[in-house]
Amino acid sequence: MTEFQIRTATAADAENVLAFWKEAAEGTSITDDADGVTRLIARDPLALILAESDGVLVGSVIAGWDGWRASLYRLAVLPARRRQGIASALLEAAELRFVAAGGRRGDAMVLEANERAHRMWAAAGYEREDRWRRWVKPFAQA
């Protein structure tokens, strides 16, 4: 197994992160553009956590902390690098961030149809919360 490093993203990573998500993440978001990624990093420089190996992006997670909720998004690992501890290392970094900030519970957004992800989250100690559903509304762009 090739070693990897965990670090926070910078604005210079935006295009690389977007290309990585197209390859490694399922689904897309209305905020999947360079402006969305750079605004995330500018607002919360610790939120986007990356895993790199030999200069190649191999994993990501968004660890959003708003002072009340610890929210996890976009946990993704390159298909060829899965089952090598990368997702676990990213989650550990996110959870350490949350605990240091005073977070008491992590909430992960996981695609309903992604059974592989369900197994990974369960193995990491997360439990499915069936009483809640996500409601979304895209905002009109000014």
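**Close-up 1. Arg 128 and Asp 130 join side chains in a salt bridge.** In this predicted model, the N-to-O distance for the pair comes out at 2.4 Å. Asp 130 is partly exposed, with a relative accessible area of 48%. Arg 128 is partly exposed too, at 48% relative accessibility.

**Close-up 2. Arg 128 also forms a salt bridge with Glu 112.** Here the closest N and O atoms sit 2.5 Å apart. Arg 128 belongs to the segment after helix H4 (115-123), while Glu 112 is in the loop between E5 and H4, so this pair ties together parts that are 16 residues apart in sequence.

**Close-up 3. Glu 52 meets Arg 7 in a salt bridge between two strands.** The N-to-O distance is 2.9 Å. Since Glu 52 lies in strand E2 and Arg 7 in strand E1, the pair ties together parts that are 45 residues apart in sequence. How accessible are the two partners, Glu 52 and Arg 7? Glu 52 has 18% relative accessibility, so it counts as buried, the cut-off being under 20%. Arg 7, with a relative accessible area of 25%, is partly exposed.

**Close-up 4. Five strands make up an open sheet.** The order runs E1-E2-E3-E4-E5, and the pairing is mixed. Strand E1 (5-8) and strand E5 (106-108) stand at the edges with a single partner strand each, so one side of each has no neighbour in the sheet. From one strand to the next, the twist averages 25°. As a quick reminder, strands of a sheet pair through backbone hydrogen bonds, either parallel or antiparallel.

**Close-up 5. E2 and E3 form a hairpin.** Strand E2 (residues 48-53) pairs with E3 in the antiparallel sense, over six bridges. To get your bearings, look for Leu 50, whose bridge partner in E3 is Ser 60. Two residues lie between the strands, and Asp 54 in the turn has a positive phi of about 50°. Is strand E3 mostly buried or exposed? Nine of the ten residues of E3 (residues 56-65) are buried, so the strand is largely enclosed by the rest of the structure.

**Close-up 6. E3 and E4 form another hairpin, with four residues between them.** Which residue in this turn has a positive phi? That would be Gly 67, at about 95°. The two strands, E3 and E4, run antiparallel and pair over six bridges. A handy landmark is Gly 64, which stands opposite Ser 71 in E4.

**Close-up 7. E4 and E5 pair in the parallel sense.** How many bridges connect strand E4 (residues 70-77) and E5? There are three bridges between them. Ala 70 stands opposite Gly 106 in E5. E5 is also one of the edge strands, so one side of E5 is left without a neighbour in the sheet.

Notes: Residues are numbered from 1 along each chain as its sequence is written. This is a predicted model: local features need pLDDT of at least 70, side-chain atom pairs count only at pLDDT 80 or more; totals for chains, interfaces and linings use all residues. Side-chain values use heavy atoms; hydrogens and water are left out. Two strands pair if DSSP finds at least two bridges between them. Axes are lines fitted to C-alpha atoms, for helices over the stretch in contact, and angles run from 0 to 180 degrees between N-to-C directions. Buried means under 20% relative accessible area, exposed over 50%, partly exposed in between (1.4 Å probe, protein chains only). A salt bridge is a side-chain nitrogen of Lys or Arg within 4 Å of a carboxyl oxygen of Asp or Glu.
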